[in-house]
Amino acid sequence: MADSAELCNRDEDLNKATSVESDVALLKELKVTDNNGGDPGAQSSPPEDDEDGPAEDGATVSAAAKKKKKKSKAKKKKDPLQQTDPPSIPVDEFFPSGDFPEGEIQQYMDDNLWRTTSEEKRELERLQKPMYNSVRRAAEVHRQVRKYMRSIVKPGMLMIELCETLENMVRKLIKENGLQAGIAFPTGCSLNWVAAHWTPNSGDKTVLQYDDVMKLDFGTHIDGRIVDCAFTVTFNPMFDPLLQATKDATNTGIKEAGIDARLCDVGAAIQEVMESYEVEINGKVFQVKSVRNLNGHSIGPYQIHAGKSVPIVKGGEQTKMEEGEFYAIETFGSTGKGFVREDLECSHYMKNFDVGHVPLRVAKAKQLLGTINNNFGTLAFCRRYLDRIGETKYLMALKNLCDVGIIQPYPPLCDVRGSYVSQFEHTILLRPTCKEVISRGDDY
């Protein structure tokens with residue numbers, strides 16, 4: 001009996017030991033499971049790896065974020081400057097390098113073909129580049145201003161408001177600066193039978209009408225390098241052939257112009273194209289006529305009419321165009337007599353370019369001449385410009401300056417009443433290697 005009791009005690013001790021071992025094994029297994037994210041079959045990785053992994057991932061993410069920020073900043077910097085509507089940002093801010101876009105290039109032909117590849121002529125152009133950029137900057141201002149004006153001009157506008165809107169925009173875009181940059185001459189907005197040199201004086205109440213034919217002729221300049229360019233605005237489509245005649249005649253004049261071209265030959269070509277057109281107005285057919293006593297002209301620094309005239313009819317001078325000259329090629333097509341005379345109230349004036357010292361007795365005339373010299377020099381101006389800079393009661397003094405030959409008045413030039421005149425004009429430069437139509441744009 002004693003032996004069997006002892007045997008029973010041994011079996012109980014053995015069972016307890018086995019139970020403890022199994023409990024320990026179960027606890028170990030549970031611990032491994034927790035370390036491997038609940039997967040009992042996964043192998044646990046060393047603790048050092050667990051700590052390094054997230055740190056490396058965080059560094060990679062932050063580096064990528066920094067790169068993305070840099071890229072977005074670079075993209076923002078690359079966004080091109082956009083012109084406002086209406087335009088108000090000076091054009092030189094769009095071309096920080098100082099290189100402004102060229103106009104339309106036309107190659108010389110025949111006897112001047114050699115100029116295209118001449119290294120000597122190319123070098124001459126390289127030396128003139130600063131001057132070329134000055135006039136191209138003025139042309140870019142002209143293009144932007146006329147594009148905006150074309151979009152807003154409509155019947156019912158006061159002519160004086162139209163002119164002031166245009167002129168103020170030119171002043172902003174060109175960064176007006178005394179005689180270094182600004183308006184080259186008053187805005188011509190001649191209507192119908194008035195061909196040129198009309199702009200409203202202060203207080204004028206003229207309103208633009210649906211059946212009007214308006215010649216919008218304005219100029220810009222940088223350092224006296226003038227861009228003289230004009231176009232015609234109509235609303236009634238019956239005038240379209242009249243406008244087309246003038247546009248084609250102007251383009252013909254540009255094509256014919258060139259170094260050694262005779263002025264008379266340019267005029268003959270213009271007339272032939274102009275007078276090949278007819279226009280029907282209110283049931284009556286008119287042949288379009290070149291206005292025989294209006295001309296294009298050469299342009300010099302601070303000199304809108306530099307001495308040579310480009311006729312728009314045959315029979316002109318035999319004088320030749322020369323290398324380096326600027327020309328305003330302009331044509332006028334009329335349904336009237338094709339001949340203009342001075343009429344209406346004068347608004348345009350200009351100091352004579354070659355006038356010497358002329359003694360003046362009237363104190364107000366002396367003071368007015370000083371104002372004109374400081375603000376306009378030998379560039380054209382109008383009465384509104386004198387009003388704008390604060391001049392008052394100046395008409396007698398202005399008349400005195402005209403009478404003694406210091407100032408030249410330019411009254412409106414008119415065909416017969418009831419007729420219609422259209423105009424198109426471009427400024428060209430006869431460069432040593434090619435002909436550049438400085439003022440050419442997408443519009444005309």
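Which residues do ring pairs link into a cluster? In this predicted model, the cluster consists of Tyr349, Phe376, Phe381 and Tyr385, joined by ring pairs. One of these residues, Tyr385, also has a charged neighbour: Arg171 lies over the face of its ring, at 5.7 Å from the ring centre.

Aromatic pairs number seven in the structure. In one of them, Phe239 and Tyr420 adopt a tilted arrangement, with 4.8 Å from centre to centre and 55° between the planes. Phe239 belongs to the loop between β5 and α6 (240–256), whereas Tyr420 belongs to the loop between β16 (413–414) and β17 (421–430); the pair therefore ties together parts that are 181 residues apart in sequence. Phe239 and Tyr420 are both buried.

Strand β5 (residues 225–233) is largely enclosed by the rest of the structure, because eight of its nine residues are buried. Its pairing with strand β4 (residues 214–222) is antiparallel and extends over nine bridges. Within this pairing, His221 has Ile226 of β5 as its bridge partner. The hairpin of β4 and β5 has two residues between the strands, and Asp223 takes a positive phi near 55° there. A further contact of a charge with a ring involves Phe231, with Arg150 lying over the ring face at 4.4 Å from the ring centre.

A separate group of strands forms an open sheet. Its three strands follow the order β3-β16-β12, and their pairing is antiparallel.

Helix α7 (residues 263–274) comprises 12 residues and spans 17 Å from its first C-alpha to its last, close to the 16 Å expected at 1.5 Å a residue. Its buried residues are Leu263, Cys264, Val266, Gly267, Ala269, Ile270, Gln271 and Met274.

Terms used: Residues numbered from 1 in each chain as written. Predicted model: local features only at pLDDT ≥ 70, side-chain atom pairs only at ≥ 80, totals over all residues. Heavy atoms only, no water. Buried < 20%, exposed > 50% of the residue type's maximum accessible area, 1.4 Å probe, protein only. Helix = DSSP H or I, 4+ residues; strand = E, 2+ residues; numbered from the N terminus. Pairing = 2+ DSSP bridges. Phe/Tyr/Trp six-rings, centres within 6.5 Å; stacked < 30°, edge-to-face > 60°. Lys NZ or Arg CZ within 6 Å of the ring centre and 35° of its normal. Expected span 1.5 Å × (residues − 1).
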